[in-house]
Amino acid sequence: MTTKSGTILLDGGMGRELNRMGAPFKQPEWSALALLEGPDFVRQAHAAFINAGAEVITTNSYAVVPYHIGDARFAARGQELADLAGRLARQAAIESGKTVLVAGSLPPLFGSYRPDLFNAAQAQGLLTPLIAGLKPHVDLWLAETQSALDEAREVAKGLKGDTKPLWLSFTLHDEHPDPANPCLRSGETVVEAAKLAHELGAATLLFNCSQPEVMGTAIDVARVELKRLGANIKVGCYANAFPARNEEEEANGTLSDIRTDLDPKGYLAFAQDWQQRGADIIGGCCGIGPEHIAALKEKLN
């Protein structure tokens, strides 16, 4: 389940890959539209990442939330769509003939990059159908692009009693005024995130959907704090290829530009630095495709 170096490889950004493939894709549904109108595209996208070398693939459930598919559709079909996302990922894993883990994506429930919109009182009502739909198909839970600690706390609450490993992944402030003290988009620190991961019994602490430039320091800070706590928690990251973004701008609000310098060679240079810093797990987020993962597979050894 690892490269020769021991680094576990994740997949890349599902939404951009679906769009590139010509799958049904538009706002507001985003990547969920392929579940509704072209589910085989989702299976093909998973297969492309597996063929590139991904050892963990993430279910296409990121946009199965009211923000993208609407309140009425989520109430009527949320669990069904989560189940479909899980089945498609599992199908791709089985068909590959390889040992591939399926991570159940539990996304930000009220919009990416918007900790100010988080509503704890409504969180469990949204998490329950997602967890129920995904649970039969996944090997682990991936709470991803979490902007605030309270988001992760609610995920852990929703998963109480479940025995599958929990991977927590936080999105970072891209242009924080103190680069040596990396913070989540809520302003809470990576040190606090590491403490919470330990408190919640997470198996892995990740950082995702932020620029690659901020990942290295976050890995350093997290590893130091987890060592201080005596926590046996893996650390890693999967960055996006966006330019710096307004902190109040929703990550999937528009089809954002992709940085030309983050081609496979450019992204690989960052990944090699993360590996040298001790990252156990590396992959890609928005704008990072199978060609990037193939470069990581070839060179991270």
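**The cavities and their surroundings**

Modeller: A search of the whole structure turns up four cavities of 30 Å³ or more. A cavity is a set of points on a 1 Å grid over the protein atoms alone where a 1.4 Å probe fits but cannot get out; lining residues have an atom within 4 Å of a point. The points are joined across faces, edges and corners, and a volume is the space filled by probe spheres set on them. The model is predicted, so local features need pLDDT of at least 70 and side-chain atom pairs 80 or more, while totals for chains, interfaces and linings use all residues. Residues are numbered from 1 along each chain as its sequence is written, and side-chain values use heavy atoms, without hydrogens or water.

Start with the largest cavity. It holds about 310 Å³ of space. The lining has 25 residues, and G12, G13, M14, Y62 and E144 are the closest to the centre. By class, the lining counts nine nonpolar, 13 polar and three charged residues. Here Ala, Val, Leu, Ile, Met, Phe, Trp, Tyr, Cys and Pro are nonpolar, Asp, Glu, Lys and Arg are charged, and the others, Gly among them, are polar.

Helix 1 gives the most, with three. Helices (H or I, at least four residues) and strands (E, at least two) are DSSP runs, numbered from the N terminus.

Now the second largest cavity. Its volume is about 40 Å³. P107, P108, L109, F118, L127, Q146, E151 and V155 line it. This lining has six nonpolar residues, one polar and one charged.

Q146 leads on to the sheet. Its bridge partner in strand 5 is F170. Strand 4 (residues 140-146) runs parallel to strand 5, and four bridges join them. Two strands pair if DSSP finds at least two bridges between them. On the next step, strand 5 (residues 166-170) pairs with strand 6 in the parallel sense, again over four bridges. There, S169 has L206 in strand 6 as its bridge partner.

The order is 1-8-7-6-5-4-3-2, with parallel pairing. Strand 1 (8-9) and strand 2 (56-58) are the edge strands, and each pairs on one side only.

Why is strand 6 described as largely enclosed? Five of the five residues of strand 6 (residues 204-208) are buried, so the rest of the structure largely encloses the strand. Buried means under 20% relative accessible area, exposed over 50%, and partly exposed in between, with a 1.4 Å probe and protein chains only. Both faces of strand 6 are covered. T204, L206 and N208 are buried on one side, and L205 and F207 on the other. In a regular strand, side chains alternate between the two faces of the sheet.

Last, compare an open space. A pocket is an open set of points with protein on both sides within 12 Å along at least five of seven lines. The largest pocket holds about 170 Å³. Its lining is A156, L159, K160, G161, D162, T163, K164, P165, L166, L200 and G201. Five of these lining residues are nonpolar, three polar and three charged.
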